[in-house]
Amino acid sequence: MTVTHYERITATDGGTFDAYCAVPAGTPAPGVLLFQEIFGINDNIRGLAENLADQGYLVLAPDMFWRLQPRFESKDESGVADGMALVQRLDFGLARTDMAATLAHLRGMGGCTGRVGAVGFCLGGTLAFLAAATAKPDGRGLDAAVPYYGSGIHQMLDLVPAVQCPLLMHYGDDDPYIPGDQIAQVEAALAGRTDITVHHYAAGHAFSNWDAPSFYREEPAELAWRRTLAFLAEQLS
């Protein structure tokens with residue numbers, strides 16, 4: 001039976017922040033860092049964390065807005081403006097350190113085997129890519145990462161050589177926030193990387209967010225999730 005609670009993570013520059021934790025029935029287990037959309041750690045992210053724990057993963061979803069508005073959460077289209085305002089103020093340099101601190105915390109939990117992947121959606125997709133490139137506490141990075149429609153990845157392509165773990169990437173071809181030319185830039189930068197797979201779907205942005213009805217598309221969401229679970233099982237076992 002999955003058990004949930006909040007962990008307190010110590011930031012490298014002082015202070016503490018919360019991370020939603022879902023613990024599987026059997027431990028030790030591989031870990032997964034789950035990175036939020038612009039809506040914060042809301043019902044959607046908590047539900048995804050519990051789903052992953054049901055699949056046998058120890059999950060931490062850190063509050064990436066803690067420096068701006070701790071425990072912020074909203075949902076669906078009504079929260080877009082507030083979430084986007086927070087993203088505009090997010091310091092990605094500090095976000096790097098917070099992700100590294102969360103990774104170190106997860107690996108240090110007694111229920112973790114030490115192998116850790118990351119999954120992120122929207123803002124979290126960008127963060128999952130950034131974590132794959134930069135979150136390397138004690139010199140050890142992630143073992144795998146799954147960015148879903150990360151709208152900032154095309155601006156971080158100089159970090160591709162620093163990504164030393166397999167990636168599985170998901171994009172909607174009808175995404176108004178990530179034009180096709182930006183996805184093409186990402187794919188061009190990743191050309192030749194046999195450890196990185198990019199999947200395209202006939203869907204728009206946030207197609208996997210079941211808590212935002214105008215975004216959610218059941219068929220591509222379920223296909224992407226099956227692929228994600230198969231990838232994590234292969235990379236983290």
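Trainee: Taking helices (H or I, at least four residues) and strands (E, at least two) as DSSP runs numbered from the N terminus, what pattern does the chain follow along the sequence?

Mentor: This is a predicted model, in which local features need pLDDT of at least 70, side-chain atom pairs count only at pLDDT 80 or more, and totals for chains, interfaces and linings use all residues. Residues are numbered from 1 along each chain as its sequence is written, and side-chain values use heavy atoms, with hydrogens and water left out. The chain holds six helices and eight strands, and read along the sequence they give β-β-β-α-β-α-α-β-α-β-β-α-β-α.

Trainee: How are H3 and H4 oriented to each other, parallel or perpendicular?

Mentor: Helix H3 (residues 92-108) packs against helix H4 (residues 123-134) at an angle of about 70°, the axes being 10 Å apart; these axes are lines fitted to C-alpha atoms over the stretch in contact, and angles run from 0 to 180 degrees between N-to-C directions. Angles under 35 degrees count as roughly parallel, over 145 as roughly antiparallel, 65 to 115 as roughly perpendicular and the rest as oblique. H3 and H4 are therefore roughly perpendicular.

Trainee: Which residues in H4 are met by Phe 92, Ala 95, Arg 96 and Met 99 in H3?

Mentor: Contact here means heavy atoms within 4.5 Å. On that criterion, the four H3 residues Phe 92, Ala 95, Arg 96 and Met 99 meet Leu 123, Thr 126, Leu 127, Leu 130, Ala 131 and Thr 134 in H4.

Trainee: What share of the 237 residues of the chain counts as buried?

Mentor: Buried means under 20% relative accessible area, exposed over 50% and partly exposed in between, with a 1.4 Å probe and protein chains only. Among the 237 residues of the chain, the buried share is 58%.
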